[in-house]
Amino acid sequence: MSGEPFLIGDSMTGGYGKSGPDILHDCTIAVERGEIAVIVGPNGAGKSTAMKAVFGMLNLRQGAVRLDGQDITELSPQARVRKGMGFVPQTSNIFTSMTVEENLEMGAFIREDDYRETMEQVFELFPILREKRAQAAGELSGGQRQQVAVGRALMTQPKVLMLDEPTAGVSPIVMDELFDRIIEVARTGICILMVEQNARQALEIADKGYVLVQGANAHTGTGKDLLADPDVRRSFLGG
Ligand SMILES: Nc1ncnc2c1ncn2[C@@H]1O[C@H](COP(=O)(O)OP(=O)(O)OP(=O)(O)O)[C@@H](O)[C@H]1O
Ligand SMILES: [Mg+2]
């Protein structure tokens with residue numbers, strides 16, 4: 001056992017395509033076993049890009065990604081799912097014309113064993129999805145769609161769940177509920193790496209927080225530290 005975080009994108013530098021400019025500059029993001037790590041920062045800071053890099057959707061020019069001590073930098077996203085990573089992207093994260101249940105079944109695509117128990121766990125976590133299981137996912141409210149997206153990712157029984165703005169476009173009440181469910185997932189032993197626009201609320205539940213600015217680490221600390229940091233408050237939390 002190394003003292004390393006469970007998942008780390010270590011000193012990542014890279015951008016889109018073969019010749020695109022670097023978006024990430026020596027950026028490091030990590031999540032420890034059993035913890036919730038949160039990435040915040042202004043629009044266009046590279047938060048989604050950092051998530052994609054950790055998930056293998058970007059060619060890094062420098063740096064590495066390690067999962068449970070193993071270098072996975074060269075693995076495809078599909079291979080990373082098999083290693084225990086689940087990813088909910090910021091956009092297009094559900095199949096709108098499929099039913100809720102079909103979305104969850106699609107999530108289980110890599111499973112060759114019986115996944116019904118996992119689906120049952122998803123329905124216990126998000127009871128509304130059981131009620132709406134036969135409804136097209138596109139007919140659901142924003143908060144319910146996000147539950148479908150998170151539920152889909154849980155169907156592979158990931159060890160680490162990566163969420164890019166899971167509360168985007170939902171009301172404050174629905175946001176609180178989603179955060180409560182995410183905490184519940186974390187308590188089952190799944191690490192959470194999450195990007196959030198609702199920085200203050202997200203840092204309140206974060207064990208570790210990262211403020212990214214222009215593709216680089218600007219501030220790193222416990223959620224509590226960052227919430228108390230005058231610089232962070234002034235620049236990113238509205239005072
Ligand atoms: N597919 C892409 N191809 C080329 N450039 C991209 C692509 N996606 C994002 N970018 C660029 O990368 C930079 C960082 O974008 P990114 O989406 O990672 O930011 P973000 O912090 O997630 O922003 P937001 O808060 O709006 O979600 C931006 O300059 C953006 O234009
Ligand atoms: Mg983004």
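A residue is called buried here if 20 or more other C-beta atoms lie within 10 Å of its own, exposed if 12 or fewer do, and partly exposed in between, with C-beta atoms placed from the backbone. By that criterion, buried residues make up 43% of the 239 residues in the protein chain. The structure is a predicted model, in which local features need pLDDT of at least 70 and side-chain atom pairs count only at pLDDT 80 or more, while totals for chains, interfaces and linings use all residues. Residues are numbered from 1 along each chain as its sequence is written, and chains are lettered from A and ligands numbered from 1 in the order in which they are written.

Begin with the whole chain in view. Its C-alpha trace spans about 45 × 40 × 35 Å along the principal axes, and it carries 10 helices and 10 strands, these being DSSP runs (H or I of at least four residues for helices, E of at least two for strands) numbered from the N terminus. Of the contacts with a separation of 6 or more, 68% join residues 24 or more positions apart, where a contact means C-beta atoms, placed from the backbone, within 7 Å.

Next, select residues 7–239, where UniProt, in an unreviewed entry, places the feature "domain: ABC transporter"; positions follow the numbering used here, feature names are shortened, and such annotations may be inferred rather than shown by experiment. The end C-alpha atoms of this span lie 32 Å apart, and the span is 37% helix and 26% strand.

Now centre on ligand 1 and display its shell: Tyr-16, Gly-20, Ile-23, Gly-41, Asn-43, Gly-44, Ala-45, Gly-46, Lys-47, Ser-48, Thr-49 and Gln-90. A residue counts as near the ligand if its C-beta atom, placed from the backbone, lies within 6 Å of it. Helix H1 (residues 47–55) gives the largest share, 3 residues, and the shell divides into 3 nonpolar, 8 polar and 1 charged.

Move to the open sheet of 4 strands, ordered S2-S1-S4-S5 with antiparallel pairing; strands pair if DSSP finds at least two bridges between them. Strands S2 (22–31) and S5 (70–71) are its edges, each pairing on one side only. Strand S4 (residues 60–67) meets S5 over 2 bridges in the antiparallel sense, and Arg-66 stands opposite Asp-71 in S5.

Within strand S4, pick Arg-61, which counts as exposed because it has 11 C-beta neighbours inside 10 Å. Leaving aside residues up to four places away in sequence, Arg-61 touches Thr-13, Gly-14 and Asp-22. Asp-26 is 35 residues from Arg-61 in sequence, and their C-alpha atoms are 10.0 Å apart.

Finish at strand S7 (residues 160–164), where 5 of the 5 residues are buried. In a regular strand the side chains alternate between the two faces of the sheet. In S7, Val-160, Met-162 and Asp-164 point one way and Leu-161 and Leu-163 the other way. Strand S6 (residues 85–88) pairs with S7 in the parallel sense over 4 bridges, with Val-160 as the bridge partner of Met-85. S7 also pairs with strand S8 (residues 191–195), again in the parallel sense, over 5 bridges, and there the bridge partner of Met-162 is Leu-193.

How values were computed
Ala, Val, Leu, Ile, Met, Phe, Trp, Tyr, Cys and Pro count as nonpolar, Asp, Glu, Lys and Arg as charged, and the others, Gly among them, as polar. Two residues are in contact if their C-beta atoms, placed from the backbone, lie within 7 Å.
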